[in-house]
Amino acid sequence: MSQHVAEVTHRSVAAPAGRIHLAEQGSGPLVLLVHGFPECWYSWRHQLPALAAAGYRAVAIDVRGYGRSAKPAATDAYRMVDLVADNVAVVRALGEESAVVIGHDWGATIAANSALLHPEVFTAAGLLSVPYTPRGGPRPSEVFARMGGEEEFYVSYFQQPGRAEAEIEPDVRGWLAGFYAALSADTMPGPGAPDPHFVSRSGTLRDRFPTDVLPAWLSASDLDVYAGEFERTGLTGALNRYRNMDRDWEDLAAYDGAPVRQPSLFLGGSLDASTTWLADAIEAYPVTLPGLVASHLLDGCGHWIQQERPTEVNRLLTDWLAALPA
């Protein structure tokens with residue numbers, strides 16, 4: 001659909017978090033875009049105009065703890081059920097009854113749980129980079145503690161309050177540059193190099209990041225946007241998502257093994273560890289995502305899929321949205 005599209009507008013709306021900041025473009029059916037770690041609404045900068053041009057009201061939020069949204073002080077204020085409640089509140093504040101929800105990374109998990117807990121609000125779910133894995137199995141902290149052998153898995157590292165902050169906050173821009181590069185197709189460490197998802201017992205995550213290089217999708221000015229947000233807010237709100245995984249496991253006990261039944265889409269990168277480690281979750285989609293419309297692994301793509309491959313992702317998203325029931 002070819003039409004004039006208004007510029008992105010910004011505002012905050014009331015939510016259980018206190019306020020949620022959003023960037024909005026276009027008019028039509030509502031599409032809610034939820035970012036992951038360590039990002040903000042800006043990670044959807046390529047999708048907002050494309051969705052608006054296709055006839056949708058595209059809204060990208062700052063998840064609580066990020067950007068210009070509220071940052072509750074309590075660690076347990078970042079449970080999954082709270083983030084889902086924020087999404088419902090945003091839809092209502094925008095004067096809508098329902099929305100399609102699309103998420104990347106942690107945002108994909110938030111999107112899937114939004115659809116699971118509130119099917120009356122979220123009529124379809126698009127998941128980018130992180131496959132849907134229903135609640136189940138042992139307590140998450142126990143699973144992560146067993147990963148890595150002599151090394152420590154990054155999730156366990158992030159779960160300890162203050163520890164990752166001490167690594168990141170003295171040089172937010174440099175750390176973010178390395179983290180983005182470590183998980184991007186064109187700059188990630190090669191085969192046989194130490195895995196940047198793990199920490200040596202006496203080291204830091206940053207020890208394994210590429211240095212002095214930016215991936216092709218990330219300009220210096222793009223990096224300035226992300227760094228500016230986290231230099232202002234700190235990282236604790238963002239990292240608190242990792243610190244609530246055991247609480248989520250307890251909160252969602254009634255949904256053990258539950259499928260997301262709405263029409264869904266999965267997009268992943270073939271070089272993203274999320275899709276290789278969780279290959280079994282993708283294979284389980286006929287059971288866990290019975291409404292799956294399409295699943296695509298983009299060859300040679302890393303973790304930051306909608307930024308690494310914006311044209312391809314925009315086409316896949318708009319094709320999927322156009323095929324959804326009215």
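**Pockets and a hairpin**

Reply: In this predicted model, the lining of the largest pocket is made up of 30 nonpolar, seven polar and five charged residues.

Me: How do you know which residues of that lining lie nearest the centre of the largest pocket, and how many residues line it?

Reply: A residue counts as lining if it has an atom within 4 Å of a pocket point, and 42 residues line the largest pocket, with W106, T133, F144, M245 and L278 lying nearest its centre. The volume of this pocket is about 1200 Å³.

Me: Which helix gives the most to the lining of the largest pocket?

Reply: That is α3, with six residues; α3 (106-117) is listed with α4 (140-145), α5 (154-159), α10 (245-251) and α11 (273-277), each of which supplies at least two residues of the lining.

Me: What volume does the second largest pocket have, and which residues are closest to its centre?

Reply: The volume of the second largest pocket is about 290 Å³, and among its 15 lining residues P29, V100, T123, L324 and P325 are the closest to the centre. Two or more lining residues come from each of β3 (30-34), β5 (99-104) and β6 (122-128).

Me: Why are strands β1 and β2 said to pair?

Reply: Pairing requires at least two bridges, and β1 (residues 9-13) and β2 (residues 20-25) are joined in the antiparallel sense over five bridges, so the two strands count as paired. They form a hairpin with six residues between them, where G18 in the turn has a positive phi of about 125 degrees, and V13 stands opposite I20 in β2.

Technical notes: Residues numbered from 1 in each chain as written. Predicted model: local features only at pLDDT ≥ 70, side-chain atom pairs only at ≥ 80, totals over all residues. Heavy atoms only, no water. Helix = DSSP H or I, 4+ residues; strand = E, 2+ residues; numbered from the N terminus. 1 Å grid on protein atoms, 1.4 Å probe; cavity = no way out; pocket = protein on both sides within 12 Å on 5 of 7 lines; lining within 4 Å. Points joined across faces, edges and corners; volume = space filled by probe spheres on them. Nonpolar A, V, L, I, M, F, W, Y, C, P; charged D, E, K, R; others polar.
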